[in-house]
Amino acid sequence: MDQHPSTQPIRIGIVGYGNLGRGVEAAIARNPDMRVAGIYTRRAPAQLKVQGADVPVHHMDELAGHQGQLDVLILCGGSKDDLPEQSPQLAARFNLVDSFDTHARIPEHFAAVDAAARAGQTTALISAGWDPGMFSLNRLMGEALLPEGATYTFWGKGLSQGHSDAIRRVPGVAGGVQYTIPIEAAVQQVRSGTRPELTTREKHRRECFVVLADGADAEAVRRQIVEMPHYFDQYDTTVNFISAEELAREHSTMPHGGFVIRSGNTSDGVQQVIEYGLTLGSNPEFTASVLVAYARAVHRLHAAGQHGCKTVFDVPPGLLSPRSAAELRADLL
């Protein structure tokens, strides 16, 4: 498919305006072939302080009436409650991109969105971001290029929003964050090409910074955190108690990152190792940048008559770029 950059900016609707929605608005400001045509929120629109002075803000209830005024929606809600409902519902009327990241539920989410998008003759791409998303592509590439081998994914060092939220729900916690940290010895083992079998505890550890509520028992709080099923019980977890001032001063940003490593053999005794890594100053801002690039691709796929649900596996890389196919061949190939 040979892409042709449009002379008219792609009209983007941002659905939800938390950390991710703000990141999407910032990313679009750096992409001249796009503009924010509207921000849609469940809050009172007048309460939102958006970055663009001329960006219209609407209540979510108005979105259905704006069909035909928006080229692509970027959905910035959560994977637990928002996207399973919003993505299929909106795909019936709009082209869209979402960042659904509950890995085990991606097949059923795909099926629901695909049915809606095919019925509505729209194009919808799910699970864009860095994992799922960029890391997914690199896992695929690693397996395709080195069919005999093993793939390893490490996350961090980074602030985990889901685990931080779990900490804050523990009785006696007034505030807190959690960092996922790869264990360096495990990373080096994998990079060496030895293909170790690693347990969850051997690959990552978790470090928590917690502000205690007045009168709370520190040991009781620590025990509830480190024994929490599914979140912390399978990891070596450290709990550090700090002041609210230190939490605000030292832990207000959302860095993250990680590695995908494929280790394999191309013949007997010949090892090859592929590594892709990210070091992110802001998890939501980078995720937003990925969503924006895929919104461009969705706009082009729809123009080419490719309807239904897509994932990052279905998109030719050239469609992510604002540059023409000829420019990409001349400059990047």
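The side chains of D165 and R169 meet in a salt bridge, with 2.8 Å between N and O. A salt bridge is defined here as a side-chain nitrogen of Lys or Arg within 4 Å of a carboxyl oxygen of Asp or Glu. Side chains of opposite charge can pair when their charged atoms come close. D165 is partly exposed, since its relative accessible area is 30%, whereas R169 is exposed at 64%.

The model is predicted; local features need pLDDT of at least 70, side-chain atom pairs count only at pLDDT 80 or more, and totals for chains, interfaces and linings use all residues. Residues are numbered from 1 along each chain as its sequence is written, and side-chain values use heavy atoms, with hydrogens and water left out.

By the rule given above, the salt bridges number 15. Another of them links the side chains of R223 and E219, at 3.8 Å from N to O. Both residues belong to helix α8 (residues 218-226), where they are 4 residues apart, about one turn of the helix. Helices (H or I, at least four residues) and strands (E, at least two) are DSSP runs, numbered from the N terminus. An α-helix has 3.6 residues a turn, so residues three or four places apart point the same way. R223 is partly exposed at 37% relative accessibility, and E219 is likewise partly exposed at 37%. A further salt bridge joins R249 to E250, with the closest N and O atoms 3.2 Å apart. Here R249 is exposed, at 57%, while E250 is partly exposed, at 46%. Salt bridges that share partners also connect E219, R222 and R223 in one network.

Why is helix α1 (residues 19-28) described as largely enclosed by the rest of the structure? The reason is that 8 of its 10 residues are buried. Among these buried residues of α1 are L20, V24 and I28. Their cover includes the strands β1 (10-15), β2 (34-41) and β4 (72-75), together with helix α10.

Helix α10 (residues 283-303) contains N283. N283 counts as buried because its relative accessibility is 12%. Its side chain forms a polar contact of 2.9 Å with the side chain of W130. A polar contact is a pair of N or O atoms within 3.5 Å; within protein, one must be able to donate a hydrogen and the other to accept it, and residues adjacent in sequence count only if both atoms are side-chain atoms. Leaving aside residues up to four places away in sequence, N283 touches W130, L159, Q161, M254 and H256, where contact means heavy atoms within 4.5 Å.

Helix α4 (residues 134-145) provides the largest share, 3 residues, of a nonpolar surface patch. The patch covers about 450 Å² and is made by L140, M141, L145, I274 and F313. Patches consist of residues with over 30% relative accessible area and no salt bridge; like charges are joined within 9 Å, and nonpolar side chains (Val, Leu, Ile, Met, Phe, Trp, Tyr) within 5 Å. Accessible areas come from the Shrake-Rupley method with a 1.4 Å probe, and for residues only the protein chains shown count as cover. I274 lies in strand β13 (residues 270-280) and is partly exposed, at 32%. Helix α4 also holds N138, which is partly exposed at 23%. N138 and R262 are 124 residues apart along the chain, yet their C-alpha atoms are separated by 8.7 Å.

An open sheet of 4 strands has the order β8-β9-β10-β11, with mixed pairing. Its edge strands, β8 (158-159) and β11 (236-241), each pair on one side only. Two strands pair if DSSP finds at least two bridges between them. Strands β9 (residues 173-182) and β10 (residues 204-212) run antiparallel and are joined by 9 bridges; V177 stands opposite F209 in β10.

Finally, the backbone deserves attention. The peptide bond from D131 to P132 is cis, with omega near 5°, and P132 is located in the loop between β6 (123-125) and α4. H230, which is not a glycine, has a positive phi of about 70°. H230 belongs to the loop between α8 and β11 and is exposed, at 73% relative accessibility.

Definitions and conventions. Buried < 20%, exposed > 50% of the residue type's maximum accessible area, 1.4 Å probe, protein only.
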